[in-house]
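I opened my notebook to jot down what I could look up about charged side chains.

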Amino acid sequence: KPLSFLDAHIQCGDSLVGVSPNLDISEIPDEAFNPAFGDDKATASALKKRNKRERGGSHADKAGQLGFRFEVTHMTSMDDLARWLAERAEQVDAMPEDDSTQVLAKAKAFDAYHATSEYLKNRFELDLWTAAFFWNIPKADGESMLAPTQQELIQLRNGGELDSRLVERVKEISERLNFFHWELAFPKIFSGENPGFDCMLGNPPWERIKLQEEEFFAQSDPEIANAPNKTARQKLINALAQNNPQLASAFEDAKHIAEAVSKFVRESKRYPLT
């Protein structure tokens, strides 16, 4: 297919982390809440149990997972939404761009497309599903465990209001980690009778998804990076909490993200042959 105006734009994001075509996101896997580095294991276990219980809810709840309430009345399913987004992309693509005035008008239409409530709702749903794998799980404070579990997904799809703290955290995680959802990025490419690209060229990652301490500290703390062995390096890392709390926090965040990416690759079912 020829690339549209939207599709031809340079797209920025982590193409390995996000929702891809044909990935089933009707349910949030319990394994999304497996503890990563720094997560509280007891709380993670409780969230897994809660998510499993919510997935096994009533038939009414199950039905709620399949729908989404849209402001555009003719939409009744996610397929309708995908078609609507592709049509809007087609309209933007059809606008002329022969002079600077037309290009500016087209750019404004492009931005307006990404500001529609339908686009934002779909984007947030995909972000929420993905964010479950990257959620920081601290020790539970009482019985409250704020997390994007199955019930939150059902509530979102039924048009309900979510906790504002959860909404902000999902958005923050998505922006910080650059979630990339292929069907949103390329609406026309993944619509119609023959969806998808004819060819994709890339440089496949060959390293393990694991934070390398020497590389992480190479610029920020050469003493740690050049430690003679693992034991000596670990002692220096342990001392960061006192000597350099900001760097200690950055290291903990980076290690959590690395383990969460590995969890996403293994448990999301996006890469069934990996």
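What follows are my notes on salt bridges and on one arginine.

**Entry 1: the model.** I noted before anything else that this is a predicted model.

**Entry 2: the count.** How many salt bridges does a search of the whole structure find? I got 12 from that search. As a reminder to myself, side chains of opposite charge can pair when their charged atoms come close. I then went through a few of the pairs.

**Entry 3: Glu27 and Arg55.** I looked up Glu27 and found a salt bridge to Arg55, with 3.1 Å between the closest N and O atoms. Arg55 belongs to helix α1, while Glu27 sits in the segment before α1 (41–55), so this pair ties together parts that are 28 residues apart in sequence.

**Entry 4: Asp93 and Lys188.** My next pair was Asp93 with Lys188, a salt bridge whose closest N and O atoms are 3.3 Å apart. Where do the two partners lie? I found Asp93 in helix α3 (residues 78–94) and Lys188 in the loop between α8 (182–185) and α9 (213–220). They are 95 residues apart, and the pair links distant parts of the chain. I checked accessibility too: Asp93 comes out partly exposed at 23%, whereas Lys188 has 17% and counts as buried.

**Entry 5: Arg123 and Asp127.** Arg123 forms a salt bridge with Asp127, and their closest N and O atoms are 3.1 Å apart. Both residues lie in helix α5 (residues 117–131), 4 residues apart, which is about one turn of the helix. Arg123 is partly exposed, with a relative accessible area of 23%, but Asp127 is buried at 5%.

**Entry 6: a network.** I also looked for salt bridges that share partners, and such bridges join Glu27, Asp30 and Arg55 into one network.

**Entry 7: Arg233.** Last, I looked up Arg233, which is found in helix α11 (residues 230–238). Why does Arg233 count as buried? Its relative accessibility is 8%, and the cut-off for buried is under 20%. Which residues does Arg233 touch, leaving aside neighbours within four places in sequence? I listed contacts with Glu213, Glu214, Ile224, Ala225 and Ala227.

Definitions and conventions: Residues are numbered from 1 along each chain as its sequence is written. This is a predicted model: local features need pLDDT of at least 70, side-chain atom pairs count only at pLDDT 80 or more; totals for chains, interfaces and linings use all residues. Side-chain values use heavy atoms; hydrogens and water are left out. Helices (H or I, at least four residues) and strands (E, at least two) are DSSP runs, numbered from the N terminus. Buried means under 20% relative accessible area, exposed over 50%, partly exposed in between (1.4 Å probe, protein chains only). Contact means heavy atoms within 4.5 Å. A salt bridge is a side-chain nitrogen of Lys or Arg within 4 Å of a carboxyl oxygen of Asp or Glu.
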